[in-house]
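Please look at the sequence and the structure below before reading on. The text after them goes through the model part by part.

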Amino acid sequence: MRSSIILTILLLSGCGVKKSSFVMGKTTRSEVISVKGEPIKEEAIPVNDGTILIYGEDEKYQLKGDIVVNLFKNPSNQERLLLFWKHKFKDCLTTIKKISKDETSHTSPEMEFSCPSQGVSVIYTEGSDVISRVIENEKK
Amino acid sequence: MKKNNFFILLILLLVGCSKSKDYSTIVNELKKNSGPKEVYRHLANIDATKCLKDIFSVDMVKSEIKQLEIKQAKGTKVEGKWRHLNLADLSIPQANFLKTFGASLGDLNNSKAFDYSSCNDVPCIINKIYQKENHIAGYVHYLWYLKMGSYLSASNNVYDSKTQTRPGIYNGKELPVSAYLFRDEELYAFWRLMLMMKSPHTVLTKLKEITRVPQGESFDFTVEKRQQLERENLSLVAQGKRPKPIPLGETCGLSYSNGYIILQDLCLSVGQDQDSGSFYDSVLHELTHQVDFHEGSKLNTTHRSFKSDYLELSGFWLEEYKNERNETIRQWKLNANAKLPSAYGGTSPAENFAETISLFRTKGTLTKTKISEIHWAFTSKNYFADKSFDKNTIIKNWINTQSSLLAQLSLKAVSDCSKSNVPSISTYFRPADFTLTTLPSMINCLGAKAIEISQDVSSKIKISEPDGCSILNEYNMRDDWEPALKSQLSSFMSKYLIELQNDKTYFAKVQSFYDRIPDIGLANKAYLECYQEDLEEDCYNQEVHKLALLEVASLNLPEVHASELANLYLGSHPYLNTQQYMREIYRSFVLSHSEIVNQAALDIWATCEEMGISDELAPEGRFFKISDGYMVSSLYNCINAKFYDTVKEIVRDLSVDGIKVQHPKEEMILYSEVIPSLQRTLLSLFAQKMEREGRQIQSYVKKDEGNLRKEILSNFSWVKNISSNAAIIDDCHALAFSKTTFPLLYQTKAQAFGVLVQNSCQDVQMSNEFNFWIEESKSVFEEKSLESLQNLVLSYATAKAKDCLVQYPNDTNLNRIKHKTNRDACLMNSWTAIEDQAIKNFSSDPLVIKFKIDPESLRVKLEANRRKNQVRIMKENF
């Protein structure tokens with residue numbers, strides 16, 4: 001069973017599927033490591049029982065205990081365009097939230113555009129068309 | 001600066017691979033119309049006490065405007081009207097200014113507040129807003145547009161203000177338009193800043209507007225926050241608690257990624273000598289944020305400063321995670337050993353970038369000591385063309401750039417002294433300063449001339465260089481300027497003394513070449529030949545040298561001398577100056593043909609709209625982007641698909657006096673100017689179209705008059721989930737959105753109809769119609785209740801299963817077998833508690849209470865399904 005999951009994951013990642021084949025809220029640390037290898041770095045975060053596994057290309061897996069709960073990654077190709085996500089989330093009850101920022105900053109705030117039912121949100125700077133980060137989380 | 005490979009590739013594709021021959025060039029055609037050249041030898045007797053601020057006058061700025069307007073004189077006339085003015089009667093850039101920003105001038109609350117009827121030009125119109133005749137303001141605002149391409153606001157509107165319920169009101173106060181305008185010293189500072197800035201700050205194609213918070217006011221969000229804290233403190237004091245401290249800090253400026261900058265008094269503060277004060281580094285800081293956005297966008301990221309190379313050299317890294325409340329946290333952290341340009345530069349890479357670049361330019365000597373060497377070199381190379389602005393380097397650079405003038409003045413001094421019998425006394429030079437044995441009378445004469453040269457050249461620098469007066473004070477003149485200048489002058493004079501001995505006609509020969517040095521023709525030719533070649537700067541230097549040698553060939557000078565003269569020409573037209581000059585020329589040439597770009601944008605849009613609207617395909621393309629807006633994909637994709645050919649057509653249509661673009665390199669440069677111009681025009685068209693659609697939507701919503709709600713209440717087959725009020729409202733929203741049939745091109749349904757849908761569904765579960773329906777369908781509700789309750793049990797059980805896995809993992813074959821019994825027991829033993837919790841939560845739902853549904857009856861039904869549910873959870877999780 002386990003090896004078939006890993007095989008599927010490998011096949012999917014080989015085919016250039018954009019969304020990670022890990023299931024947020026289900027995939028375990030060992031499953032990530034068996035697919036991606038040992039992380040470059042592991043960091044503690046100020047969340048109870050939380051850690052971050054850091055891989056190349058700034059890919060970060062947030063764990064709660066042993067379970068992967070969030071994945072932060074850079075957008076690829078067309079995912080860099082905010083309009084792409086506006087279309088992708090067209091039929092979704094989306095939310096747009098300002099990410100808390102330093103109030104002394106001189107620049108536009110970062111925004112998080114989320115589609116909870118797809119378990120994906122993206123980060124962009126207000127007024128800009130470029131996505132800086134894609135976050136996968138548990139589907140709601 | 002980093003080149004954008006994508007655009008270079010695009011331009012190469014557009015141009016093809018033809019090799020340049022002796023084509024006639026646009027730049028030569030434009031030069032025929034340009035004004036008189038500066039003649040170096042005739043230095044007026046400049047008052048050495050005068051500084052830049054002393055020559056800042058209406059006449060001075062007017063003459064700058066005239067020079068810039070000439071460059072655009074041969075463009076395409078602009079059609080249309082602005083109030084009483086026919087745009088075709090105005091100069092092309094003035095007409096373009098009014099066409100672009102005419103609706104954003106003056107009192108935006110009252111279009112009749114100012115009488116512009118006596119005005120025939122832009123400066124006069126702006127001066128009407130300032131309520132002053134022939135004032136400097138009108139000229140500085142217009143000069144800013146000519147040089148920067150953006151709008152230095154002259155209106156009572158503040159972008160993105162939360163308290164500006166209408167133009168003119170700020171922080172709850174009705175303020176006169178004059179409060180929103182710039183003070184005289186601020187206008188001087190903007191003018192001086194224009195002299196300080198070079199590319200990339202001067203080529204910010206996405207910068208739209210610089211506006212100010214009204215004089216004497218703080219940013220409204222700061223005031224609001226302070227007031228909120230004061231209110232909270234009153235309540236704390238009333239409760240006998242200690243009040244919270246109220247922050248005294250002010251935000252002095254904001255820079256938006258969509259091209260707006262807002263400045264407050266603090267950022268606009270100018271010192272008494274007008275060349276100091278926080279204005280320069282603060283405004284440059286905000287403009288540098290625009291550079292960050294601009295370059296980031298070219299690299300497909302939000303900020304240039306977020307790229308890994310900059311993070312590494314500035315010492316930043318990002319901590320990101322989701323906290324317990326599922327909020328995304330993204331906090332910049334700084335390495336302990338990071339060297340910062342200022343404390344504020346330690347808050348984020350974007351602020352570090354802006355602080356470093358602005359302070360590099362305005363406080364060069366100090367900043368050099370603060371940031372790392374590698375950071376310094378990066379900033380100098382990428383943003384200041386390898387220059388730096390510490391005192392010693394500035395003086396050295398001035399002497400270098402004045403070298404052809406110094407050579408000419410030295411030549412004249414040697415010539416004059418060789419003929420003069422008038423004795424002079426000077427201790428400026430000593431015999432050892434010259435390579436040739438020189439008579440004391442000659443040394444004295446040359447020394448006296450050198451003092452005059454030093455005086456003349458330093459006076460010239462003081463009124464032409466933005467840092468002139470701040471650097472060339474008495475102390476620096478003696479310690480830094482004079483020794484450097486003396487060395488340069490004695491070198492030139494020694495050479496001419498030797499030549500004088502060898503060839504009596506040398507002066508006359510050389511003088512004729514010197515007269516041609518100010519002519520930039522050779523430099524332009526070399527620049528075009530070398531544009532986009534490998535090692536472009538080296539190629540340019542060699543080409544200029546080669547062309548200058550051809551020019552001096554007729555003088556029959558020895559090879560070494562000819563080469564020296566060629567180098568002198570190159571010294572007067574260094575690569576970076578020529579690059580800047582050429583960029584400005586082509587940029588204003590394209591600006592002068594804005595009407596062609598406008599028409600092309602309208603055509604492309606109309607063609608794409610006619611092709612039918614569909615949202616089936618994903619949006620693709622990166623030539624034309626719409627900021628954070630929305631657009632139906634067929635239109636977006638079509639505009640992007642046609643962008644490439646439209647740029648080609650525009651360049652094909654550009655001409656000067658009927659002469660079209662022929663030189664392939666010139667064509668390449670023009671593509672690089674037309675691309676952002678078309679992007680900007682399309683974006684402004686998008687804003688207009690979106691606004692128009694917004695008005696149509698408003699009218700659609702207004703006409704609804706409750707019809708949508710009536711439709712919703714007429715039939716409740718849309719209700720899918722009655723487990724909670726929120727679920728009913730969600731179902732209602734989905735139905736309401738599907739019922740809005742307006743064909744949207746420029747906004748999502750949520751944007752357009754969000755409010756209508758919310759209002760139509762508000763408290764729908766409390767309506768008489770809904771209650772009637774629910775009474776009728778109680779039996780159906782009970783069935784749906786069981787389904788909802790069962791889902792609740794399954795979600796709780798899944799969470800428990802994850803906990804059990806942490807305790808009894810199944811990550812290896814051994815663990816899977818070893819912990820199986822405990823893992824299963826962990827879940828099973830909690831099952832009754834899980835069902836109890838689900839029933840408890842479910843029982844508090846208003847609908848369950850309303851229908852008096854017996855939870856115990858549901859428990860019986862749950863128990864019947866228990867084993868099936870348990871097996872499902874174990875299968876899914878274990």
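This is a predicted model: local features need pLDDT of at least 70, side-chain atom pairs count only at pLDDT 80 or more; totals for chains, interfaces and linings use all residues.

**A walk through the two chains**

In chain B, E319(B) stands opposite Q331(B), a residue of strand β10(B). Together β9(B) and β10(B) form a hairpin, with five residues between the strands. One residue in the turn, N326(B), has a positive phi of about 65 degrees.

Strand β1(A) is joined to β2(A) by four bridges in the antiparallel sense, and here K41(A) stands opposite I54(A) of β2(A). Strands of a sheet pair through backbone hydrogen bonds, either parallel or antiparallel.

Several strands of chain A also take part in the contact between the chains. This contact takes 44 residues from chain A and 46 residues from chain B. On the side of chain A that touches chain B, the elements giving two or more residues are β2 (50–55), β3 (59–64), β4 (67–73), α3 (82–88), β6 (110–115), β7 (120–125) and β8 (131–137) of chain A. Which element gives the most to this side of chain A? The answer is α3(A), with five residues. By class, the side of chain A that touches chain B has 14 nonpolar, 20 polar and ten charged residues.

The next stop is a group of helices in chain B. Two packed helices are described by the angle between their axes and the distance between the axes. Helix α25 (residues 594–610) of chain B packs against helix α27 (residues 664–704) of chain B at an angle of about 60 degrees, with the axes 9 Å apart. That angle makes α25(B) oblique to α27(B). The crossing of α25(B) and α27(B) is right-handed. On α25(B) the contact is made by V597(B), N598(B), A600(B), A601(B) and W605(B), and on α27(B) by V674(B), S677(B), L678(B), T681(B), L682(B) and L685(B). Sorted by class, the residues in this contact of α25(B) with α27(B) are eight nonpolar, three polar and no charged.

Helix α25(B) also meets helix α26 (residues 633–653) of chain B, where the axes come within 9 Å and cross at roughly 145 degrees. The crossing of α25(B) and α26(B) is right-handed. Among the residues that make this contact are I596(B), I604(B) and C608(B) of α25(B) and L635(B), I639(B) and I650(B) of α26(B). By class, the contact of α25(B) with α26(B) has ten nonpolar, two polar and four charged residues.

Last comes the predictor's confidence. The complex is given an ipTM of 0.87 and a pTM of 0.81. Chain B averages a pLDDT of 89, and 95% of the residues score at least 70. Over residues 36–42 of chain B the pLDDT is below 50, and this stretch has nine contacts in the model beyond near neighbours in sequence. For chain A the mean pLDDT is 83, with 82% of its residues at 70 or more. Residues 1–17 of chain A stay under 50, and the model has nine contacts for them beyond four places in sequence.

Definitions and conventions
Residues are numbered from 1 along each chain as its sequence is written. Chains are lettered from A and ligands numbered from 1 in the order in which they are written. Axes are lines fitted to C-alpha atoms, for helices over the stretch in contact, and angles run from 0 to 180 degrees between N-to-C directions. Angles under 35 degrees count as roughly parallel, over 145 as roughly antiparallel, 65 to 115 as roughly perpendicular and the rest as oblique. A crossing is left-handed if the near helix is turned anticlockwise from the far one by less than a right angle, and right-handed if clockwise. Two residues are in contact if their C-beta atoms, placed from the backbone, lie within 7 Å. Ala, Val, Leu, Ile, Met, Phe, Trp, Tyr, Cys and Pro count as nonpolar, Asp, Glu, Lys and Arg as charged, and the others, Gly among them, as polar. Two strands pair if DSSP finds at least two bridges between them. pLDDT is the predictor's confidence in each residue, from 0 to 100.
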